[in-house]
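This note concerns the aromatic pairs and their surroundings. Please read the points below against the coordinates.

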Amino acid sequence: MTRCPVIPVLVIQDLSLARPIAQALVAGGLTTLEVTLRTDCAIEAIKEMSKVEGAHVGAGTVLNGDDLARAVDAGSQFIVSPGLTQEVATAAQRHDVPLLPGVANAGDIMRGLDLGLSRFKFFPAMANGGLPALKALAAVFGKVRFCPTGGITEGNAAEWLAHPAVSCVGGSWLTAGNFDADAVESRARQAAALANCA
C-alpha cells in the first residue's frame, strides 16, 4: 500500500495486452498492479505481467481460497478481495501472502482486526458514503489504513489521498477505453505524481 499512491485496477480481456499494459504503467511510475480475476485470462495475465521488470503484481476480486491459491501459483505477490471472509484470510496466512480485504463498515473492520489485519480496501468507496464515511471510520479505528476503491477517479484521487488514514487508492481510469501505451503511461505519470513512488 505504500509503494505507490495509486494501484491500477486492471480487467484484462485480451491476454496479448497484458505485458504492454504493465510496461506502460511501470514506465509511468506505477509499479503495483492489481489484476482482477473477472476474466478467463486473468491468471495468465498475472503470469505475463509478472515478467515485466519492476512490476509488483497481485490478484484482485479474490473470492475464496481456491482463487487465492491459483493466484499465488501464478505469481501474485499480494491478494485483494472485495470482502473479508475467514476462508480467504486463512488461505492468505497459509500461503504467506499479503491480503487487502474489502470492508464497508465498522463490523467488517472489527472482524479484520480480530484476524490480525489492519490494512483494508474501503469498497465500494463512493457508494458507501465516500470520504465522509471513511473519515468517520478512521476516527474510531486510528491505527487502520485504507485503500479506497470503487468510484475513485483521476478527479478525486488527490482528495482521498490527502486523508492520513488513506495509504493509497485503487482505480480503473488508468487503462480506461481502448489501450494506447502512450496514453496509459501519461496517466500513470500523473497518478504517480500524487505522491512519491518507491
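1. Rings of Phe, Tyr and Trp (its six-membered ring) are taken as a pair if their centres lie within 6.5 Å; planes under 30 degrees apart count as stacked, over 60 as edge-to-face and the rest as tilted. The model is predicted, and this rule gives a count of 2 aromatic pairs.

2. The planes of Phe122 and Phe146 stand at 70 degrees with the ring centres 6.4 Å apart, so this pair is edge-to-face. It links distant parts of the chain, since Phe122 belongs to strand β6 (residues 119-122) and Phe146 to strand β7 (residues 145-148), 24 residues apart. Both Phe122 and Phe146 are buried.

3. Phe122 also pairs with Trp160, in a tilted arrangement with 45 degrees between the planes and 6.5 Å from centre to centre. Here too distant parts of the chain are linked: Trp160 is in helix α7 (residues 157-161), 38 residues from Phe122 in strand β6. Trp160, like Phe122, is buried.

4. Which residues form one aromatic cluster? Phe122, Phe146 and Trp160 do.

5. A further ring, that of Phe123, has Lys121 over its face, at 4.5 Å from the ring centre.

6. Val144 is located in the loop between α6 (130-140) and β7. Its relative accessible area is 3%, so Val144 is buried. Leaving aside residues up to four places away in sequence, Val144 touches Ile109, Leu113, Ser118, Arg119, Phe120 and Ala165. From Val144 to Lys121 the C-alpha to C-alpha separation is 11 Å in space, and the two are 23 residues apart in sequence.

Conventions: Residues numbered from 1 in each chain as written. Predicted model: local features only at pLDDT ≥ 70, side-chain atom pairs only at ≥ 80, totals over all residues. Heavy atoms only, no water. Helix = DSSP H or I, 4+ residues; strand = E, 2+ residues; numbered from the N terminus. Buried < 20%, exposed > 50% of the residue type's maximum accessible area, 1.4 Å probe, protein only. Lys NZ or Arg CZ within 6 Å of the ring centre and 35° of its normal. Contact = heavy atoms within 4.5 Å.
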